[in-house]
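Subject: Handover of a structure, with notes on what it contains

Dear colleague,

I am passing the structure below on to you, together with my notes on it. Please read the notes with the model open beside them.

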Amino acid sequence: MQRSASWYWVVFFALGFFWGSSYLWIKIGLEGGLPPLTLIAGRLTLGALFLAVVVALARQELPRSRRMYGHLLVMSVVNVVLPFILITVGEQSIDSALASILNATVPLTVIVLAPMFLPDERITLPRIAGLAVGFAGVILLVAPDLVNLGDSDLTGELMMLGSSISYGIGNVYSRRHVRGLRPMIPALFQVTFAALIIIPLALVIDRPFATVSPTPEAIVAVIWLGLLGSGVAYLCYFTLLQHWGATRTSMVAYLLPVVGIFLGAIVLGDPVTLNRLAGTALVLAGIAIVNSGAAVRRYQGRNAEPVPPAGVTDAIDAVESR
C-alpha cells in the first residue's frame, strides 16, 4: 500500500510538470507561426495516436455502453476542446507565466461545483475560506488590466479563467459519470473525440497547408504538447482522478504556476512582478486552505474522546490518507 501511495505522488508531480510546461510550449508554438486551431489540432492528433498505441498494446477492452461514449464525448468538449481553445487563443495576448497562474484556479471552481453533484464532496468552512482567499488572488492578478476593459491582456486573462471553469466542470463531470474504466480508455476517447472536432475547424479556418510555415521550434512544441501534454498527461490525470477523487486531483494546480513562472522566466524572459508573486501566493494559499479540512478532521478524530462510529466522512478521510 505504501508503494502504491508513493507511485500516485510520482504521477501527481509528473502531471504538474507536463501541464505546467504546456503553457511555455503553447507560447513557443504560437510565436513559431502556428495559428491556435492548427496548434491544437497537431497536439491532439499526436496525443490520440500515442494513446491508441498504448491501448492497443495493453489490449484494453473498450466500453460497450453507448451512454458511456456519450459521456466521453461531453468530456472531450468540456475538458479538452473548450479549455484548449481558450488557453491557446488567450496566450496570444498574455505570457505563459500568467497563463499558468490563472489556470491554477481550477480547484476553486471544483469546490463550488463538486458538492452540487458529488455526495462525498461537501462544502466546509475551510473550503469557503479557501475560495475567498483564492478569489482575492485572482483579483490581484487581473486588477492592473481592469482599468481598461478593452485591453487585450484582460481578454486573455478572462479566457484563462474561463478555461479554469471548463476544467473544473470536466473534473466533476468525469468523477460522476466516467467510472469503472481503466485510465487509458477515457484518456484515449477524450483526446480522440476532441481531435475529430478540432481538425475540421483548423482546416477550414486556418487553412494550414496553404498558409502556415512553422519554425522548427514550433514543430518541437507540437510534439511535446501531443505526446506529453496531451498523451501521457491525460493518463496521469485519469489515474489520479480514479484513486484520489475530484478535489484532491485538482491540487495539481499547486504546481502549475511554479512550473509556469520558472520556465517562462528562464526560457522566454516573462516578467516576475510583485503582483504576480502576491497573487500566486494567495491562489495557492486558498487551495491549501481548501485541502486543510481533511487533515483537521483526521487530527480531531485521533484526539476525540470517545471515538464516534465510523461514518461517511471517516471513510473518505481514510481513503484520502492512504
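I begin with the largest cavity, whose lining residues divide into twelve nonpolar, six polar and one charged; here Ala, Val, Leu, Ile, Met, Phe, Trp, Tyr, Cys and Pro count as nonpolar, Asp, Glu, Lys and Arg as charged, and the others, Gly among them, as polar. This is a predicted model, in which local features need pLDDT of at least 70 and side-chain atom pairs count only at pLDDT 80 or more, while totals for chains, interfaces and linings use all residues. Residues are numbered from 1 along each chain as its sequence is written, and side-chain values use heavy atoms, with hydrogens and water left out.

Grid points are joined across faces, edges and corners, and a volume is the space filled by probe spheres set on the points. By this rule there is one cavity of 30 Å³ or more, and the space in the largest cavity comes to about 240 Å³. Its lining consists of 19 residues, with W19, Y23, N103, Y167 and L256 nearest the centre. The elements that contribute two or more residues to this lining are α1, α3, α7 and α10, and the largest share, four residues, is that of α1; helices (H or I, at least four residues) and strands (E, at least two) are DSSP runs, numbered from the N terminus.

On that basis the protein chain has 15 helices and zero strands. Of its 322 residues, 51% are buried, where buried means under 20% relative accessible area, exposed over 50%, and partly exposed in between (1.4 Å probe, protein chains only). With contact taken as heavy atoms within 4.5 Å, 89% of the contacts between residues at least 6 apart in sequence join residues at least 24 apart.

Y23, one of the residues nearest the cavity centre, is found in helix α1 and counts as buried at 5% relative accessibility. Leaving aside neighbours within four places in sequence, Y23 is in contact with I87, E91, S96, A99, S100, N103, M160 and L256. The C-alpha atoms of Y23 and L256 are separated by 9.1 Å, although the two residues are 233 apart along the chain.

L256 is also among the buried residues of α12, which are L255, L256, P257, V259, G260, I261, L263 and G264. The 14 residues of helix α12 (residues 255-268) should span 20 Å at 1.5 Å a residue, and the end C-alpha atoms are 19 Å apart, which agrees; the expected span is 1.5 Å times one less than the number of residues. After α12 comes G269, whose phi is positive, near 70 degrees.

Another buried position is S164, with a relative accessible area of 1%, which lies in helix α7 (residues 152-177). Not counting residues up to four places away in sequence, S164 touches L102, N103, T105, V106 and T109.

Turning to aromatic pairs, rings of Phe, Tyr and Trp (its six-membered ring) pair if their centres lie within 6.5 Å, and planes under 30 degrees apart count as stacked, over 60 as edge-to-face and the rest as tilted. The count comes to 13 aromatic pairs. The rings of W25 and W224 have centres 5.5 Å apart and planes at 25 degrees, so this pair is stacked. W25 lies in helix α1 (residues 2-31) and W224 in helix α10 (residues 216-244), and the pair links parts of the chain 199 residues apart. W25 is buried, at 18% relative accessible area, whereas W224 is partly exposed, at 22%. The rings of Y69 and F189, with centres 5.2 Å apart and planes at 80 degrees, form an edge-to-face pair. W19, Y167, Y234, Y237 and F238 form one aromatic cluster, and W19 and Y167 are also among the residues nearest the cavity centre.

With best regards

Technical notes: On a 1 Å grid over the protein atoms alone, a cavity is a set of points where a 1.4 Å probe fits but cannot get out, and a pocket is an open set with protein on both sides within 12 Å along at least five of seven lines; lining residues have an atom within 4 Å of a point.
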